Every structure is written in C-alpha cells, then in structure tokens.
Amino acid sequence: VHAAAAAVARAARAGGGAHLRPMSTAVEQAYAEVQRVTRARAKNFAYGIMVLPRDKRRAIAAIYAYAREADDIADGDAGVDEKRAALQALRAALDDPPATPMHVALTDARARFGIPDDALSALVDGGLQDLVKTRYASFDELRGYCEKVAGAVGVACVAVYGSDDVGRAQTLGVALQLINIMRDVDEDRGLGRVYLPQDELERF
C-alpha cells in the first residue's frame with residue numbers, strides 16, 4: 001500500500017488524467033478491494049455500474065467505498081467524540097499520502113477523473129451533521145442535509161461519467177436520498193433520528 005500511495009500521490013501532483021502511468025499491482029489490488037466492498041454492501045448498485053467501462057466502474061466503486069466509510073462511522077456504536085474524530089480524519093486523509101486500499105483507489109480515481117475534493121468533503125460534513133442534528137424543521141432544511149450526503153455523491157460521480165451537468169447530478173442524488181429516508185424510517189428512528197420534516201408531520 002505504501003509504495004502504491006507514493007506512486008499515486010506523485011501522479012496526482014503531476015496533474016493526473018491522461019498522463020498517469022499504467023497502474024501498479026498495489027493500485028490494482030486497491031481497486032479490487034473497493035469493488036469487493038461495493039458488491040458486498042450494495043449489490044444492486046454494483047450491478048448497475050457494470051455497464052460502465054472498467055476504469056470508470058472502478059472509480060465509482062472507490063467513491064462508493066469512501067461514502068460507505070463515512071456513513072458507517074456516523075451510524076456506528078462509538079461515542080460522538082470518537083465518531084467526530086474519525087470523520088475528521090477521513091477528510092484529512094484526502095490531503096495525505098493514501099494509507100489504506102480505499103484511499104489508494106480513491107486517490108488514483110481523483111487523479112484520473114478530476115473528482116472534486118469539495119464533493120468528498122461534503123460527504124464528511126453530512127456525517128458530522130448526523131452527530132448533532134436529529135430533526136429537520138422543514139423540507140428546505142432537510143434538502144441541505146441531502147445535498148451533503150447524497151447530492152455530493154452525484155457531483156463526485158458525474159466527474160467520472162465525463163459530464164459537467166453538476167446541477168442535475170446533485171438533484172438526482174437528493175431524490176435518491178429522499179427515497180432512502182422514506183424506506184428507512186424505522187431504522188433511523190432506532191438511531192434517534194427523524195428525517196421527515198417536522199412541519200409536515202404536524203400537518204398530516
């Protein structure tokens with residue numbers, strides 16, 4: 001991993017994209033790991049991205065693995081302070097030489113496709129928000145949260161797809177997150193969270 005980290009970091013500093021050298025074995029193994037995570041944790045999503053070319057499919061899997069880690073930290077059993085520190089470390093690692101297979105794969109994908117750092121950082125912001133906010137007064141307030149935890153995924157992925165339609169990507173991400181919220185009402189309640197807007201609950 002450390003050898004791969006150095007190679008990927010050098011490529012990223014050099015500007016990435018078409019100038020990247022062929023992948024090392026360690027980078028290939030890192031991509032294999034994020035694809036394994038994607039297949040294990042999101043089977044339907046893994047099937048959906050199979051239609052993409054191999055390099056794009058692996059980059060999307062790297063984004064998924066990063067988002068999955070942020071979500072797992074926020075929803076885990078650790079204390080709030082420990083979760084906050086872990087999420088902050090996850091964000092800080094974006095600027096450091098990659099030290100885990102997920103970060104090796106993601107760093108390579110960022111260099112190849114120009115995945116925006118702001119989108120990846122927003123995912124962490126969403127996880128941090130989950131630690132302190134458990135209710136949403138209105139849909140407008142909820143939308144801001146959805147833009148962080150899901151709209152940002154759309155923005156990250158659209159760079160891999162080769163489109164600049166960031167607005168539509170974010171809107172689709174928000175829509176998918178709203179579906180997740182409706183599906184997971186009971187599960188979220190078990191975590192002490194109610195995402196359904198309070199004004200709408202009172203109205204209906």
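**Entry 1: the overall fold**

I counted eleven helices and zero strands in the protein; helices (H or I, at least four residues) and strands (E, at least two) are DSSP runs, numbered from the N terminus. Read from the N terminus, the elements run α-α-α-α-α-α-α-α-α-α-α.

I noted that this is a predicted model, where local features need pLDDT of at least 70 and side-chain atom pairs count only at pLDDT 80 or more, while totals for chains, interfaces and linings use all residues. Residues are numbered from 1 along each chain as its sequence is written, and side-chain values use heavy atoms, with hydrogens and water left out.

Next I looked up burial, where buried means under 20% relative accessible area, exposed over 50%, and partly exposed in between (1.4 Å probe, protein chains only). Of the 204 residues in the protein, 43% are buried.

I also looked at contacts, meaning heavy atoms within 4.5 Å. Among those between residues at least 6 apart in sequence, 68% join residues at least 24 apart.

**Entry 2: the cores**

I searched for nonpolar cores, each a set of buried Ala, Val, Leu, Ile, Met, Phe, Trp, Tyr and Cys residues joined through side-chain atoms within 4.5 Å. The largest has 38 residues, and V34, I63, Y66, L106, I115 and L120 touch the most other members. Helix 2 (25–41), helix 4, helix 5 (80–92), helix 6 (101–113), helix 7 and helix 8 each supply at least two residues of this core. Helix 4 gives the most, with ten residues. There is also a second, separate core of nine residues, which includes Y136, V149, V174 and Y195.

Which residues does Y66 contact, leaving aside its neighbours within four places in sequence? I listed L90, R91, L94, M102, H103, L106, L120, L123 and V124.

**Entry 3: the largest pocket**

Rolling a probe the size of a water molecule over the atoms shows where empty space is left. For the terms, I wrote down that on a 1 Å grid over the protein atoms alone, a pocket is an open set of points where a 1.4 Å probe fits, with protein on both sides within 12 Å along at least five of seven lines; lining residues have an atom within 4 Å of a point. Grid points are joined across faces, edges and corners, and a volume is the space filled by probe spheres set on the points.

The largest pocket holds about 1,300 Å³ of space. Its lining has 42 residues, and V149, A150, V153, Q177 and N180 lie nearest its centre.

Which helix supplies the largest share of the lining of the largest pocket? It is helix 9, with ten residues. At least two lining residues come from each of helix 4 (54–75), helix 7 (117–132), helix 8 (139–161), helix 9 (166–183) and helix 10 (185–190).

I sorted the lining into 23 nonpolar, seven polar and twelve charged residues. Here Ala, Val, Leu, Ile, Met, Phe, Trp, Tyr, Cys and Pro count as nonpolar, Asp, Glu, Lys and Arg as charged, and the others, Gly among them, as polar.

**Entry 4: along helix 8**

Helix 8 has a kink of about 50°, centred on E147; the bend at a residue is the angle between axes fitted to the seven residues ending there and the seven starting there. Just after helix 8, G162 takes a positive phi of about 95°.

Not counting residues up to four places away in sequence, V158 touches S163, D165, V166 and A169.

Q35 lies in helix 2 and counts as buried, at 18% relative accessibility. Beyond its neighbours within four places in sequence, Q35 is in contact with R57, R58 and A61.

A42 sits in the loop between helix 2 and helix 3 (43–48). At 14% relative accessibility, A42 is buried too. With residues up to four places away left out, A42 touches V37 and Y64.
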